[in-house]
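Have a go at each task before reading its solution.

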Amino acid sequence: MSGQQEKTFYLETFGCQMNVHDSEKVIGTLVHQGYRQVETVEEAHLVLYNTCSIRDKAEQKVFHRLNDYKKLQAQGKKFGVLGCVAQQEGEKIFEKAPYVSLVAGSASYRNLPAMLIQIGAGNKRVTGLDDRETDLTFETDFTARTNPHRGYITIIEGCDKFCAYCVVPYTRGKERSRTSDSVLAEARQMADLGYTEIQLLGQNVNAFADPLGKKTFAELLYAIGEIPGTRRVRFTTSHPRHFSKDIVDAIVASPRLCDHIHLPVQSGSSRVLKAMNREYTREMYLEKIAWIRSAAKEISLTTDMIVGFPGETEAEFEETVTLLHEGQFDGVFTFKYSPRPNTPALSMIDSIADAEKSKRLQILQERQREVQRANYEKRVGQILEVMVEGKNEARGQIIGRTSQNITLNFTVPENVTPAMGSYVNVLVTRSFPNSLVGEMA
Ligand code: SAH
Ligand code: SF4
Ligand code: F3S
C-alpha cells in the first residue's frame with residue numbers, strides 16, 4: 001500500500017457536543033501526524049467512529065456501521081472505535097467486530113500518535129482505555145475546529161453524579177475541571193483567530209471547579225464575555241443541582257452571555273427524581289427556574305425529559321406533563337427510558353412497556369408543541385440579532401440563530417448577502433413551534 005493512501009482517515013461522529021468537539025481534537029491530532037481527512041469510507045485507510053452510548057439505539061448505530069463496511073476490511077482498511085461505546089465495551093469490541101484494531105476512550109486522545117504508530121506496526125488490538133481517572137488536563141495539543149466563527153471549549157470532563165439511568169460516569173470517568181487560566185488562554189486565542197462565539201462544554205458545565213480556585217463558573221462566563229472580539233458566550237449542559245443564581249446574574253450583567261439556559265429536569269415527579277438520584281425535587285427545580293423567569297432579561301429555557309423510568313406511574317407522568325406548562329420551555333428533548341449497562345436502574349424492573357413509553361413520549365411532545373407555539377408567537381414583532389449560519393437556497397432565506405438559541409430564517413433586500421458568521425438585526429414576522437421567520441431590519 002502506498003504511503004499516500006496509508007495516511008488518509010475517515011471519521012464519523014455520534015452523540016453530544018462533547019463528542020463533536022472531541023472529534024475536532026482527534027482530527028487536529030491526526031492532521032498533525034500527517035494524515036489527511038477524506039469524505040468517504042472507501043477513500044480512507046483508517047476508518048474511525050466516535051461513538052455514543054447514551055441510549056441503546058445510539059450504541060447499536062456503531063455496530064451497524066461496522067457491519068456495513070466489514071467487507072472493506074479485506075482491502076487493508078483499519079477500523080477504530082472511539083468515544084463512549086469504546087470506553088464502555090472496551091476489549092469486548094474486538095470480539096464483536098474482529099476487524100477493529102483500535103478501541104480508545106475520550107481521555108486517551110492525547111496518546112493517539114503513539115496508538116497510530118502501533119497500528120502502523122501491525123498491532124491488531126490497540127487500546128486507549130484506562131486513564132480516565134488520572135488524566136487531569138484532557139486537552140490535546142491540536143484542535144481542528146470546523147466552524148471559523150463559533151468554537152467549543154471543554155472546561156470540565158466526566159461526571160460524578162451517577163444518575164440511576166446514565167452511562168456517562170462510566171464512559172467519561174470522574175469529574176475534572178481545567179484551570180480558569182487555561183480556559184481563558186484558549187478563549188483569547190480563539191478570539192484572536194476571529195471566533196466571535198464561544199461555547200463552553202461539560203457533561204455538567206456548571207459543576208466547573210477551578211483547580212486554582214481563582215474563578216467560579218459565573219465569574220469564568222463573565223471573564224470570557226470580556227475578551228475583546230467575543231460577542232457570544234454559550235454553555236451546555238447545566239445540572240440543576242449546581243445551578244446557582246449568580247449564573248442568572250452574570251447573564252443579566254453581561255450582554256455577551258447568551259440569553260439561553262439548557263437545564264435538564266428529567267421528570268416532574270419528586271418521587272421519580274429521587275429514584276433517578278437527581279438530588280433535587282420538583283419544587284427545588286421550580287425555585288431555580290423562578291430566578292430565570294424573574295431576571296431583568298428574557299432568558300430562554302430548554303430542558304430534557306425522560307418518560308417511562310422504571311416504576312413511573314400514570315400520575316407521576318402527569319406531573320411531568322404539568323411541568324411543561326409551569327416551565328414554559330422553548331424546547332424540550334424527550335427520551336424514552338433506555339436500560340443501560342452498568343447503571344443502577346438496570347436492576348430495577350423496566351416495568352413500562354415500550355408502547356406505553358411511546359404513548360407518553362407522544363403526549364409530551366404534543367403538549368410541548370402547544371407551549372412552544374404560544375411562546376414563539378410572542379416574539380413576532382421583536383427585532384432580534386442573529387448570527388448568520390447558512391442559506392436556504394430553495395426558500396430564498398438566510399438561516400440565523402438568536403442569542404436565545406432560536407432559529408430565525410429571514411429574507412434580505414436584493415443585492416444584500418450577509419456573510420457567514422456576521423451579525424444582523426432581524427424583524428420577526430412569523431412564528432412556528434420550532435423556529436421564527438423574519439426580514440432583515
Ligand atoms: N449531564 C446532563 C445530561 C447529559 S445526557 C444532565 O444531567 O442534565 C443527555 C440526556 O440524555 C439526559 O439529560 C437524559 O435526558 C438523556 N438520557 C441519559 N440517559 C438516558 C437513558 N438511559 N435513557 C433515556 N434517556 C437518557
Ligand atoms: Fe448522566 Fe446524571 Fe451525569 Fe447527567 S448528571 S451525565 S444524566 S449521570
Ligand atoms: Fe453520548 Fe458519551 Fe455524549 S454517551 S451523549 S457521547 S458523553
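**Exercise 1. Is S23 buried or exposed, and what does S23 touch?**

Solution. Start with the accessible area: S23 has a relative value of 2%, so S23 is buried (buried means under 20% relative accessible area, exposed over 50%, partly exposed in between, with a 1.4 Å probe and protein chains only). Finally, leave aside the neighbours within four places in sequence, and S23 is in contact with L11, T13 and N50 (contact means heavy atoms within 4.5 Å).

Before going on, a word on the ground rules: this is a predicted model, in which local features need pLDDT of at least 70 and side-chain atom pairs count only at pLDDT 80 or more, while totals for chains, interfaces and linings use all residues. Residues are numbered from 1 along each chain as its sequence is written, chains are lettered from A and ligands numbered from 1 in the order in which they are written, and side-chain values use heavy atoms, with hydrogens and water left out.

**Exercise 2. At what angle do helix 2 and helix 6 pack, and which residues meet?**

Solution. Two packed helices are described by the angle between their axes and the distance between the axes. Helix 2 (residues 17-32) and helix 6 (residues 112-120) pack at about 60 degrees, and their axes are 10 Å apart (axes are lines fitted to C-alpha atoms, for helices over the stretch in contact, and angles run from 0 to 180 degrees between N-to-C directions). That angle makes helix 2 oblique to helix 6 (under 35 degrees counts as roughly parallel, over 145 as roughly antiparallel, 65 to 115 as roughly perpendicular and the rest as oblique). Helix 2 passes helix 6 in a right-handed crossing (right-handed if the near helix is turned clockwise from the far one by less than a right angle, left-handed if anticlockwise). Now look at the residues: V26, T29 and L30 of helix 2 meet L112, P113 and L116 of helix 6. Sorted by class, this contact has five nonpolar, one polar and no charged residues (Ala, Val, Leu, Ile, Met, Phe, Trp, Tyr, Cys and Pro count as nonpolar, Asp, Glu, Lys and Arg as charged, and the others, Gly among them, as polar).

**Exercise 3. How do helix 9 and helix 10 pack?**

Solution. The axes of helix 9 (residues 217-225) and helix 10 are 8 Å apart, at an angle of about 15 degrees. That makes helix 9 roughly parallel to helix 10. Their crossing is right-handed. On the helix 9 side, F217, A218, L221 and Y222 meet D246, I247, A250 and A253 of helix 10. By class, seven residues of this contact are nonpolar, none polar and one charged.

**Exercise 4. How do helix 13 and helix 14 pack, and how do the residues of their contact divide by class?**

Solution. Helix 13 and helix 14 (residues 354-377) pack at about 20 degrees, with axes 9 Å apart. Helix 13 is therefore roughly parallel to helix 14. The crossing is again a right-handed one. The contact divides into six nonpolar, three polar and five charged residues.

**Exercise 5. Which residues are around ligand 3 and ligand 2?**

Solution. Around ligand 3 are C16, N19, T51, C52, S53, I54, C84, R172 and Q203 (one heavy atom within 4 Å is enough to be near). This shell has four nonpolar, four polar and one charged residues. Around ligand 2 are C159, K161, F162, C163, Y165, C166, V168, P169, N204, H239 and R278. By class, the shell of ligand 2 has seven nonpolar, two polar and two charged residues.

Terms used:
Helices (H or I, at least four residues) and strands (E, at least two) are DSSP runs, numbered from the N terminus.
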